[in-house]
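User: I am new to this structure. Please take a close look at a single part, then show me how some other places compare with the terms you use.

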Amino acid sequence: MRNRLGLTRRPWTGVATGLAALALVLSSCSLDVFDPDVVSPEDVSDPASLDVAVTGVIGDLQFALDDYVLFSGLFTDEFILAGTFPTRIEIDERRMLFSNATHNDDLYERLHVSRFSADNLAVSAQALVGNPDADEDLVRVAIAQGQFAGAYVRMLFAEAYCQSIFGGNNEEDPSFESSPVDPDARMQGAVSLFQSAQASATVAGLSDLAAAARVGEARAQMFLGNYAAAAAAAASVDDGLEYESFYSSNDPSQYNEVYAFTYFDSEQLRWTVGNGLLTTRWNEKFAFFDEWVDIGLIAVDVDPVVFRAFDGSVTEHVSLQLIYPPPGPLGEPQQPPSPAGQSSPIFLATGYEARIMEAEAAYRAGDLAGAAALINSRITTGDNPHGKVFAPVDFTGDFASDIVEIGRAYSAGMWLTGHRLGFMRRVLRNDGVDIYVTGKPGSDTAFPMSKQEVDNNDNVSQACTSGPPWS
Amino acid sequence: MKPTWFTRSIPASVPGLFAVVLSVVALLGLPAAAVAQEGAVAGQITAIGTGEQLIGVQVFVPGTSFGTLTDDAGRFRITGVPVGDYTLRASIIGYQSFEQPVTVTAGEVATVDFVLEISAVALDEVVATITGERRRRELAADISTIDATVVADNTRTSDVNEVLKGQATGVYVRKATGSVGTGSNVRIRGTGSVSLSKQPLYVIDGAIIESENNDDSAFIVPGDFFIGGQTFSRVQDLNPDEIESVEVIKGPAASALWGARGNAGVIVITTKKGAAGSTRWNARADLGSNIQNPKFQADNITQQSDFIPKPGEMVSTAINMAAFFGLRDTTYTQNLFDTNNPFRNGFVQNYNGNVTGGAGLWNYFGSVQYANQKGTLPNNDQEKFNFRANFGVDPSSKVNLSFSNGYSSNEVNLPDNDNNGAGFLGVGTISFAWEKPITREDPVTGETVETCPLAYELSLATGAPTDTFAGNCPGAENDAGFLSGISFDEVATRRNRQKLERYTGSGNATWTPTARWTNRFTLGYDLVNSRIELTTPVDPTRPFGTGSLGNTYKPSMTSRNITMQGTTTYLQPLGSSLDFEFTGGVQWFRNTTEEFVVAGQVFPATGPAVNNSVTNQASDSFDEQKSLGFFAQGQFQWNNRVFVNGAIRWDNNSAQGENLGVQTYPKFGASWVALEGQGIFNTLRFRGAWGRSGSLPGTNDAIALVAVNQVALEQSDALGISPQRPGNDLLSPETGEELEFGFDLAMLSDRLGLTFSYYDQKTKNSVVTRDLPPSEGFPFEQFTNIGQIDNKGFEVALDALAVAAENFTWDLRVLASNNTNEISELRDPIQFGLGGDVQRHQQGLPYAAYMSPIVELGDDGDPRVLPCDETPGTWGPDDTPGEKEDFCDPLDNSRYFGQPNPVWEGSFQTTFTLFKYVQLYALFDFQAGQHMFNGTTQFMSGFLGGITAEQWEVGPDGEFTDTARLKQFAGARDLEGLWLLPADWGKWRTAQIRFDMPPSVTRFLKVNGLSIQFIGENLVTWTDYNGIDPEINSNGQGVDANKSEFLTLAIPRRFLATINIFF
């Protein structure tokens, strides 16, 4: 059949038929895709995945603590920097720029991931109470673990940051805050959550976790100036408690970062210990360097060829050998691999810390002799996490010098564990005594709120961003 | 009317496989079956006026596979043509196509000579589009066509992207590094997206191919690997000598029918095809050398007036640690480039051979390439092998089949470079004085001691005994650099290698049931198998990094791209002068990418293998994307002068998210040939188009993700989950809309052509990976639709045949493009970049604007950051565009400095032909309006308190100069504005001279053609930028936002000699 233009209708029919057929064939090609490496929150929200969530919270706290120990150690001269990155130098020199991306990207973010992860676990596990599909024991563990990690991170925020805020722009986050919170309020939140964790851990039968929460509460109370309350919380903690954050040699991402950054052959000695000589621009010296060299906690190797630092300028390098002992004798080049170092744990809370806090509380209550006796019973006998014999403390009644001795006692058991910044800052805040190392270009005492937070959080209109000094 | 024996000899239903077999037989050169009733067509094609014999002209019978290319004498011969009446067409870019009738009689040779007229505006040039081949006069939007054969002949480049350089308006091509084996950044009409890929879509003979750079996180891995911006390029796999033409579809006005993949433009590559006729062979050899501009200067901190290197120079800095420690009286220098220059002249060899021909129903094109080129640094080389076999067959008078098959093998070795103190440039340019022992008198003992200078000074400063360091200078024995403490020889032991094999093929079928109805089907397949190895061998002597214990990282990637497409086109006359053409089509595309990674650290011996490592890891990933699109286009055409079209495409895809379903992309356009004829103005065409296309987020970009990690517990490791990224259920594709209009004008007897286009492009719902407040607890950014980016500008192409005498022709080509880029909507600024917050996406500013506080001397003479409410003086951004000049953020007093991408770019080409046998060609190109971050100098100014000479410059009064104090101040505070520099440049890109041997010589040598060429590339750079090279980018060829130099290798010069034989 032809139309008035003399053409058959067939082409139009053919066009339509051909297109329809092709469309039909191609339409049958599904647009569904399979991506086996994507895990969505829905995949792990059921009760059967609770154990994975608990492990995740532990891992997030480990990851955050790793960075916290590094940066707070730089700030307090537990470490010095032998490297060249300006953003790390800023921290070492206590003159952090508000825009310090290294800090934003690493520590601040890791702490928040840990906080969010912990809070999320505690809340979601609480919702599973009574759920017949959920393992009741595991639910209790999850609640306790979530509360402890949440409390611990809150404590670190209070100790290290001039301000902090939770929840970003997400009002559905149960921890959402509409404006930045100062360190006191943050630490109050930590105290409250540590107390909840103690109860939850007890119900779950996790005695060590409950004790660690008591140590945490005591540390938080010390920061708040509630020394008696701190001593009370610490009193029931066993001497032998060692509650740790674990690391692994199975994968570089699981290495203990303190070890990784100071270990001879991993991060090129970018972190090292100040010996007061030639290693850095400010000739920094760790406060207890000489004593710890004498008792063998810090080994010194003077071979500049073997122990040349990252920038080549180190002629007398100090190798870290306190918590991360090398397999060989002191003074010998460390021979990797050293799983003992890569997987060395970091103390989160110890009975030793509880005793020193009790001693400090006693000192502040006027019992100088009792305080000294309690400290010396641990540091002069080798009954401390390092098993070393330290010189005894001898309080003179001069607070400014005695508090340095108390700090020495803390460090004797908790060096490179993220404790010293909180101690130095609370002494400055509560007592007006500055025991930070002086003579550097900067005078920061804490970290600023992250610029990324300020830029992106609708609820931050005024924040501690215009320093330094941060207080 | 075609002879009916076509359909009898090979039925229309012949299986494609049979056709392939026939083609293979043809390729093997087996004689075709003798067929009676055949004749031949032969002739010669010359240019009008000059009589120049035109080489490479396509001569063919439209709608059949009968055709060939003219030889060096402009001659052609098509054999095996069945008797009958035909229309023969001759076509070549730059000339008007011409048709002549011809009658083929049995056993006779019909002679047809063509005299082609130069065409400044070739309205009848055929352009490949998604709806089929169209004449340029029909196109409502500008599509640039590049004669790849000519460009490849002139430049002898091994990079297909380089074929685009300076050849099309609005197309920006920029190499990131001078290392061989790396690709180029190609952008069309500005930057149209913040976070999605800005890479144009590449299509070869109908097959969508993998074209993204292989620059994933593979190169930032545990250990000390880093090759920086020297990423491997997928487009580099291809062989330019296999390509016939490249068409650049520039924006949504033209690319709407490419739907959700068209927003960044489409580059359509057509490979060479065979043509029935006698077998023709071509062999070509290119030999030459890559040469780094070798002006390395020894420098001394006391002689620093010319410290800043000129473009192309690498200068080892005098880093004076003594000065750093305040001991400025004593200075020492060491220049590793002086003592142990690692640079070399990299030998280049490139051999190509191809054959083309056919008989009767089929034709073939075969090509083989072997290329081996070495870079200017020791472990940089590329070895490529390419093979192509293209077949065409006409199983019936109504069916045409073509098969395109390309195989590539591409092995590239890259040196450690860029942002890498352990790379060649890091070791060489940041070397410390103390590495060289010195002999001097000890002021304490009076004895002469050999010591390391810095150690000596420091000992004096601290009271330490000076003899402690006698004769003990680490690294002195091997000229080790400061930053890493390793030597060039040790850098060279590292291996950053890609091994790749690739097949790209397609089958295209055209079925024309009637003269007005055409159907096209395409099946394309692109398979890429690559393996990358990054290895630092065991080196127990090197006290640096995990590399001393051995470290290897080996990702293997397989990418598959499948394209299926069908279109049907029907032309319906609506009257004597009015036609309507309808095209409908469907396109399905699937991409899968699988990656397997194994890595190992710490090896007991010198041969790093993962299975021998003490610590090792493995991981895998799989990603899949699918899309299905339907499209329809209707076009009215009146009197072959006016064309009005409208089209629409519907796209669905695999991206997850409630708003990522079916998308609609319409377009409208019109073309009016207002004038066509003789006179001063020969051709005038107006065109205008509006269209929309899109960019899709990735399949999983909208969904929330958690990470599964190994977590160390007390006894063992266990799996734990961690928040990674929140989802965004509202995520949508970004949508580009473009209005384009312009005109094509030819005048003065078609010797002067002018093409002008103006475009106004808006990318709405721009997808941005936005930082979240860290307090939300997610470490990854979230994909969000926020804002709009506008690109607008104009493009001008001017072609002129200035002289057309018998023994001398001179033609010119000038291209210029302007692009104004602005983020027109964005609620909050996004800050990022360059190790801090020196860049931002901010409403009212261009994409990735450079921002920094200005440092000035205050009234008290001390350096300070200039507050926003004060006017910049000497140190201000003196070239800032007007309206943004005053933009300043009071939060940190950051001011707008400039943008990373050019506002202007263009080229100038000129070709002289002397006595028909000598051709001189030159290409100049330029970019302007962009800024560059000189990261090398900034880094030296920042770390360790500042180590550049500028910072320690002392005036006659013995005090630091103002410059020194400003740089000290800025360096200590990471205020990077002093190193954000205007980076306009112009380059003499190519110079070529070619000698075509006259017929007397070729006859004597018994060849059909012979030419000898000499080519120089990257000969001269004009710029005020004070770094190494304003064209490079340490962040890589895929990065648009950050343009910076940081220990990056300048683009070398290249000199080649070429011999080209036809027989």
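Analyst: Start with one bridge: F60(B) has G67(B) as its bridge partner in β3(B). This is a predicted model, where local features need pLDDT of at least 70 and side-chain atom pairs count only at pLDDT 80 or more, while totals for chains, interfaces and linings use all residues. Residues are numbered from 1 along each chain as its sequence is written, and chains are lettered from A and ligands numbered from 1 in the order in which they are written.

Strand β2 of chain B covers residues 58-60. Three bridges join β2(B) to β3(B), and the two run antiparallel. Strands here are DSSP runs (E, at least two residues), helices are runs of H or I with at least four residues, and both are numbered from the N terminus. Two strands pair if DSSP finds at least two bridges between them. Strands of a sheet pair through backbone hydrogen bonds, either parallel or antiparallel.

Now widen the view. The sheet is open, has four strands, and is ordered β3-β2-β5-β6 in chain B, with antiparallel pairing. Strands β3 (67-69) and β6 (98-104) of chain B stand at the edges. Each has a single partner strand, so one side of each lacks a neighbour in the sheet. From one strand to the next, the twist averages 20°. Axes are lines fitted to C-alpha atoms, for helices over the stretch in contact, and angles run from 0 to 180 degrees between N-to-C directions.

Next, burial. A residue is buried if 20 or more other C-beta atoms lie within 10 Å of its own, exposed if 12 or fewer, and partly exposed in between; C-beta atoms are placed from the backbone. V491(B) sits in helix α10 (residues 488-492) of chain B. V491(B) counts as buried because it has 25 C-beta neighbours inside 10 Å.

Two loop residues follow. L416(A) lies between α14 (399-413) and α15 (420-431) of chain A. L416(A) has a positive phi of about 65°, although it is not a glycine. L416(A) is buried, with 26 other C-beta atoms within 10 Å. S749(B) lies in the loop between β35 (734-747) and β36 (752-764) of chain B. S749(B) is not a glycine either, yet its phi is positive, about 55°. With 17 C-beta neighbours inside 10 Å, S749(B) counts as partly exposed.

Last, a helix. Helix α5 of chain A has 25 residues, 136-160. Of these, 21 are buried, so α5(A) is largely enclosed by the rest of the structure.

Methods:
The expected span of a helix is 1.5 Å times one less than its number of residues.
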